[in-house]
Amino acid sequence: ATLISDAASNSWYLAGHLEYQTGTLRAEYYRDLHKDPHTPLPAHYFDSDLQPQNTWHDQATQVYTSWLNTLTTARRQAHG
């Protein structure tokens, strides 16, 4: 995921899917594999037993918490 922020406009731009549940990428991978048998495995997602690993949960929570805190702070500043 990529996050870009613009403090001047209090804007955040997020590219990626931090909201994905653990099995979402697995479902998309198998969907794509059915269409193209040469579809590569997602990097750093499956363990050695091909079980999905949610390695982004803590970082996703941190991003959304920071974003909500930024909105709360901006609202407080705007309303005195």
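His44 is exposed, because its relative accessible area is 75%, where exposed means over 50%, buried under 20% and partly exposed in between (1.4 Å probe, protein chains only). His44 lies in the loop between H1 and helix H2 (57–78); helices (H or I, at least four residues) and strands (E, at least two) are DSSP runs, numbered from the N terminus. The phi of His44 is near 60 degrees, a positive value in a residue other than glycine. Most residues other than glycine have a negative phi.

This is a predicted model, in which local features need pLDDT of at least 70 and side-chain atom pairs count only at pLDDT 80 or more, while totals for chains, interfaces and linings use all residues. Residues are numbered from 1 along each chain as its sequence is written, and side-chain values use heavy atoms, with hydrogens and water left out. The mean pLDDT of the chain (the predictor's confidence in each residue, from 0 to 100) is 88, and 98% of the residues reach 70 or more.

Leu50 also has a positive phi, of about 60 degrees, although it is not a glycine, and its place is in the loop between H1 and H2. Leu50 counts as partly exposed because its relative accessibility is 42%. Tyr30, in helix H1 (residues 24–35), counts as partly exposed at 39% relative accessibility.
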